[in-house]
Amino acid sequence: MHYIARIAATAAFCVASVASLRAQEVVKLGQIEAQTGPNTIYGWMGSQGVPIAVDEINKAGGFKVGDKTYKLELISLDTRGDPKEATIELKRLLEQDKARFVFGPFLSNVFVTVLPYAKQFDGKFLLLGGATRMHDFVGQPGHDFVIRTWNWDAGPSGFGERMVDYLIKTASPKKVAMLFQNDQGGKVLGEIYEPLFKAKGIETVTEYFEPGTKDFTPVLAKLAAFKADYLFPGYSDAPLYDIVRQATEGNFIRKFFLVRGSLGPGMKNKDGIEDYIVYVPKYFEDAEKISPKVKGFVEAYKAFYKREFPYDQAPLCSSSCYDHVYMLVAAMQRAGTVQDVGKIRTALLSFTYSGVWTIKFDQRGEQIFNFDIVHLKKGGELQITRVEP
């Protein structure tokens, strides 16, 4: 019996050792994005792109760090844009799944809600998200976990700064009316762009609407009295379609400038608008014709999901998406570890990645990448301007 017990104990030890080895050979990636709900545009594409990269890396045999080969395990959770749900999901990822790398969120209201909980794990994981509010905490003491996978609006490399310069160069506006949703995302847009326009000598007026608003006629009439040259609405396509349609049908204003939202509302109302200038991280319809990497991503998407490529939402793959998985893996390889979050963070901020986008991070941990300005004219004529910060 003693011999049998010893064999059983040895077998149990071997099983435990194999299980432990397997656990070490898998790197878990978490994701908290709005895959459904009214703000799904800011999470859906990220949740589409990350699985493709994970699948490609795993099918290629994984990736090597030191003398070990690792594969990725993705745990992608749908927040539905609900901050409370996101907190529960992040708690699961960090405490139950032991994930050291979490992609998302893109929504500012979600980020500010999960932040107090996430701070407890500073130095133990990285949160790679595009939320505008993350900018306030990137590089701040006690917030080493915050990596912002989006470019800041203002400053020499800021896409907003470049967009405003383009607007001035092409249209020379004197007045801009701003109409934002009354929440974290909308308020921060006001905080950024009111002083930015003022510094450029442009007069502004700002109004806010409540989430779920469908009739924008009263506020559009109020803004029309300001006699603005352009309407700057934001930040989600859900209300933007109504805003652009009602603004043109009511003849309140026919010129639009956007740094959040897509080309879609303009194209749908192309015969009613006079001018529609929109920030597009990448205009895929044109980019796939000239970039092999973009073309490869489009083909990979079609093969993986067995459906057409979502050109309308694809630009938002610039945040916490396909390229970022490859960049994170490269950072692990440069750091020589999959566990030391501090070393991986340092490595991540040290190099430029050339993928679907050309991406690098500044010393604080904020993303800088190339983007497009799409200028839509009445009737559907498009002009694409590519910007390399």
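**Loops and helices**

Modeller: Ser-320 sits in the loop between α11 and α12 (322–335). Keep in mind that this is a predicted model.

Colleague: What is phi of Ser-320 near?

Modeller: Phi of Ser-320 is near 50°. That is a positive value in a residue other than glycine.

Colleague: Is Ser-320 buried or exposed?

Modeller: Buried. Its relative accessible area is 0%, and the cut-off for buried is under 20%.

Colleague: And Lys-98, where does that lie?

Modeller: Lys-98 is in the loop between α3 (83–96) and β4. Its phi is positive too, near 60°. Lys-98 is exposed, with a relative accessible area of 57%.

Colleague: Switching to cis peptides. Which residues does the bond with omega of about 0° join?

Modeller: Gly-104 and Pro-105. Pro-105 is in the loop between β4 (101–103) and α4 (108–118). Another cis peptide bond joins Gly-234 and Tyr-235, with omega about 10°. Tyr-235 belongs to the loop between β9 (230–234) and α8 (237–249).

Colleague: Now helices. At what angle do the axes of α2 and α11 cross?

Modeller: Roughly 90°. The axes of α2 (residues 44–59) and α11 (residues 292–305) come within 10 Å.

Colleague: Which residues make the contact?

Modeller: From α2, they include Trp-44, Met-45, Pro-51 and Ile-52. From α11, they include Phe-297, Tyr-301 and Phe-304.

Colleague: How do the contact residues divide?

Modeller: Nine are nonpolar, two polar and two charged. Asp-55 and Glu-56 of α2 are among the contact residues, and Asp and Glu count as charged.

Methods
Residues are numbered from 1 along each chain as its sequence is written. This is a predicted model: local features need pLDDT of at least 70, side-chain atom pairs count only at pLDDT 80 or more; totals for chains, interfaces and linings use all residues. Side-chain values use heavy atoms; hydrogens and water are left out. Axes are lines fitted to C-alpha atoms, for helices over the stretch in contact, and angles run from 0 to 180 degrees between N-to-C directions. Helices (H or I, at least four residues) and strands (E, at least two) are DSSP runs, numbered from the N terminus. Contact means heavy atoms within 4.5 Å. Buried means under 20% relative accessible area, exposed over 50%, partly exposed in between (1.4 Å probe, protein chains only).
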